[in-house]
Amino acid sequence: MIALKPSSETPTYTIKQVADQTGLSRQVLRKWEERYDIVIPQRLDNGYRIYHDEDIRLFLLMKRYAEDGFALSQAAEMAKSQKNSTISSNPKNTYLEDTLSDLLRHGTNCDELELNFSLQAAYHRLGLEHYLQQIVIPFLQQVGDHWASGEWDEYQEALSSLVVRDQLVQLRRNFHYREDSPILLGACLPHESHEIPVHIFLLQLMLKGWRTAMIGSTPAPGAIQSLVEKIQPAKVLLSASTTFPFEKDPQMIQELDEFAGQHPSTEFYLGGYGAFIWADRLHLQHIHLLESIDEI
């Protein structure tokens with residue numbers, strides 16, 4: 001691959017070269033720049049964008065977090081947080097750093113009991129909102145990093161993820177809400193296995209006053225439609241972290257879109273990295289494509 005060489009001798013790349021290295025289309029790269037400020041490319045006199053190695057790294061990080069199931073806005077913030085990841089020495093940040101270090105050590109040792117204890121202690125100290133943002137999401141970020149780098153094996157990654165998932169499930173079940181709160185149903189699409197981000201989204205929405213229900217990973221065909229008819233939620237959040245649901249069953253999302261059209265009193269949303277990548281091929285009429293939890 002030929003890189004442009006400015007006077008500083010720092011390698012620079014065209015948007016086509018960045019697309020080749022990241023596997024993201026030029027259209028996606030531009031959207032991520034404009035909507036999430038993931039990178040700010042330099043411009044040549046002719047207006048062409050030029051990128052650096054750090055820009056490519058940030059795009060790849062955002063892509064990986066999005067593929068892990070995080071909303072694009074969250075994936076962007078998680079990637080950008082690694083650009084300047086120094087932690088100040090105030091007591092709160094020292095506590096966060098120590099807790100994340102403990103969690104990583106317990107995960108490395110496959111110590112399920114200590115993982116549970118450390119997570120519960122952090123929740124009781126920080127409260128739900130800060131617990132999710134400052135402990136759960138960063139820890140999952142570290143789990144993904146160690147898995148991707150080969151530092152952790154499959155069991156270490158799976159055990160740590162399972163402990164986090166079980167804690168999030170318990171928090172949702174024990175959450176106190178008003179009986180007249182509107183219901184929001186969160187569901188992975190059939191053939192989709194990333195459910196932890198959906199639990200996080202639902203807890204964040206419960207903080208905003210929603211009562212939630214959940215269909216976990218790889219639901220059976222028709223399960224989403226059946227539960228919608230039973231509980232009649234005000235909104236439905238469908239999640240596709242990968243493109244596999246659309247590749248495996250091309251008609252599935254069209255059937256859900258038709259179903260959404262038959263239930264106008266319920267708003268349907270579709271989010272996740274897989275949905276974003278597949279968006280131009282979906283042609284949805286009744287399901288809204290979702291990029292941020294704030295749109296709900």
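Mentor: Let us start with burial: a residue is buried under 20% relative accessible area, exposed over 50% and partly exposed in between, with a 1.4 Å probe and protein chains only. Helices (H or I, at least four residues) and strands (E, at least two) are DSSP runs, numbered from the N terminus. This is a predicted model, in which local features need pLDDT of at least 70 and side-chain atom pairs count only at pLDDT 80 or more, while totals for chains, interfaces and linings use all residues. Residues are numbered from 1 along each chain as its sequence is written, and side-chain values use heavy atoms, with hydrogens and water left out.

Trainee: Which residues of helix 1 are buried?

Mentor: They are Ile-15, Gln-17, Val-18, Ala-19 and Thr-22. Contact means heavy atoms within 4.5 Å, and the buried residues of helix 1 pack against helix 2, strand 2 and helix 3. Just after helix 1, Gly-23 has a positive phi of about 80°.

Trainee: How is the packing of two helices described?

Mentor: Two packed helices are described by the angle between their axes and the distance between the axes. Axes are lines fitted to C-alpha atoms, for helices over the stretch in contact, and angles run from 0 to 180 degrees between N-to-C directions. Helix 8 (residues 154–174) and helix 9 (residues 196–206) pack at about 30°, with axes 10 Å apart. Helix 8 is therefore roughly parallel to helix 9, a term for angles under 35 degrees; over 145 counts as roughly antiparallel, 65 to 115 as roughly perpendicular and the rest as oblique.

Trainee: What is the hand of the crossing of helix 8 and helix 9?

Mentor: It is left-handed: the near helix is turned anticlockwise from the far one by less than a right angle, whereas clockwise would be right-handed. The contact includes Leu-168 of helix 8 and Ile-200 of helix 9. Its residues divide into eight nonpolar, two polar and two charged. Here Ala, Val, Leu, Ile, Met, Phe, Trp, Tyr, Cys and Pro count as nonpolar, Asp, Glu, Lys and Arg as charged, and the others, Gly among them, as polar.

Trainee: How do helix 6 and helix 7 cross?

Mentor: The axes of helix 6 (residues 112–126) and helix 7 (residues 128–149) come within 7 Å and cross at roughly 145°. The crossing is right-handed. The residues of this contact are nine nonpolar, two polar and no charged.
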